[in-house]
Amino acid sequence: MKRIDPIVSEKTFTLTNNATGETYDLPVLEGTIGPQVLDIRALYRDLGIFTYDPGFTSTASCDSGITYIDGEKGILKHRGYPIEELASHSDYLDVCYLLLYEDLPSPEEKEQFNWSITHHTMLDDQLMTFFRGFRRDAHPMAIMVGIVGALSAFYHDSTDIYDPMQRMLASHRLIAKMPTIGACAYKYSIGQPFIYPRNDLSYAENLLYMMFATPSEEYQVNPIFAKAMDRILILHADHEQNASTSTVRLAGSSQANPFACISSGIASLWGPAHGGANEAVLNMLGEIGTSENILEFIERAKDPSDPFRLMGFGHRVYKSFDPRATVMKETAKEVLNELGMVDDPLLEIAQELERIALKDEYFVSKNLYPNVDFYSGLILKAIGFPTNMFTVLFAISRTVGWISHWKEMIGDPDNRIGRPRQLYTGEAHREFAHVTHRKHTKKPIWSWLWGGKKNES
Ligand code: SDX
């Protein structure tokens, strides 16, 4: 089903200026399901007033047909298909095709798409030298931001954003090359040679192969790990207008090339409030150490004066459960069970932490439930990934979501540059004063900026 145009509702909302009695009717737009929107596009032109919504808690930045989330009911659908169905019956490249081309592939489409992705997994050999410019201890997300942005310096035949064929080529290249870049970043950090992709492996198998194989011996990908990896990739593929996807859309609205836009999405995902949470969860579970310490950390998370938050808990949209966390929890148990690690101490701490938090008034009253990141790290750790690679895996998976939203936006004839306004709260006006007439009103910053004695006064 093609995405519909927003429908102008018969209903309107009327604003009344209670100082003048003036009224203004706001049109209402409807989509297929979910909340309607107030169309405020003419508000500033007609009334000279902005709306105010830092953090965009009540703002629809666009209309989209890719992903639907119902935070109250814990529903996540991609092009109408529930995430639970996709996680159980599809593979990651099926979901990539669905997000990019609006429906699940036929057998022929699946074969063609998989062939295309498989044959774009290698990097230009000159790009392989870029990794050597980083310190060995560079965070792999720093490397991902750099290398992905640099793709635009190599693949000039897929940077014309108004050529549909070049948009498709850039999309396939990005989906295909992200695992290779991520695996090279990992190999470089541990001083091992890069492992090139193989065309006889599936997407998830290839990722694991490039991560963990060495040139000195045969490496068989563990099928349990490959299946778990593929499911984790599906669960992270897209999630509506989250921070990194909104970053990609805003970068793309300036007509920047797709590689630069995806690099901006990687940078945004890196934050611990967003995609960096999976790494932060494992670090938190390690810091908790034993179930006896859980209550202390719960109290810290509840203390408004303590910046500590329960990582992997809470979500801007899900005010019941995150359906991905439910699937992830089952997958974590399956993988650890199949590995004979049912008594994994971190899993025990995570389950106990969840049990205690979900009974605690603070978390219940604020609708704080485990999110997609709470259990994913346990699986990734069991597979053998270091924690600093967790967000890289999130970025590998989310690339298809980012590029699908970018493609949807660029292909929209009404697309225009995103340019939010503000409520100005600074100085209204000041007369310029020559430097000789300016008095020091604040502590001089130089004393600690350039290594001087810390200003004690
Ligand atoms: C992802 O948007 C997406 O879709 C993101 C994502 C995707 O797939 O793209 O789903 C992936 O980013 C998942 C979220 C991963 N982040 C974490 O797990 C970090 C821990 N969680 C929080 O930082 C927080 O819950 C956020 C960032 C996820 C959501 O923040 P919001 O919506 O801005 O909520 P908030 O910070 O305003 O919190 C509301 C209240 C606050 O208390 P009050 O000020 O009202 O008293 O809940 C409290 C917060 O202090 N709170 C928490 C908490 N999360 C929120 N208290 C303790 N621990 C937490 N984890």
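A residue is called buried here when its relative accessible area is under 20%, and the views below are taken from a predicted model.

**View 1. R173 is a buried residue of helix 6.** Helix 6 covers residues 164-189, and R173 is found within that helix. The relative accessibility of R173 is 10%, which falls under the 20% cut-off, so R173 counts as buried. Once its neighbours within four places in sequence are left aside, R173 is in contact with H120, Y155, D157 and S158.

**View 2. Three strands, in the order 1-2-3, make up an open antiparallel sheet.** Strand 1 (7-16) and strand 3 (37-38) stand at the edges of this sheet, and because each has a single partner strand, one side of each is left without a neighbour in the sheet. Strands of a sheet pair through backbone hydrogen bonds, in either a parallel or an antiparallel sense.

**View 3. Strand 1 and strand 2 run antiparallel and are joined by 7 bridges.** Strand 2 consists of residues 23-30, and within this pairing T16 stands opposite T23 of strand 2.

**View 4. Strand 4 and strand 5 form a hairpin with 4 residues between the strands.** Strand 4 comprises residues 67-70 and strand 5 comprises residues 75-78, and the two pair in the antiparallel sense over 4 bridges. T67 has H78, in strand 5, as its bridge partner. In this hairpin, G74 takes a positive phi near 65°.

Key: Residues numbered from 1 in each chain as written. Predicted model: local features only at pLDDT ≥ 70, side-chain atom pairs only at ≥ 80, totals over all residues. Heavy atoms only, no water. Pairing = 2+ DSSP bridges. Buried < 20%, exposed > 50% of the residue type's maximum accessible area, 1.4 Å probe, protein only. Contact = heavy atoms within 4.5 Å.
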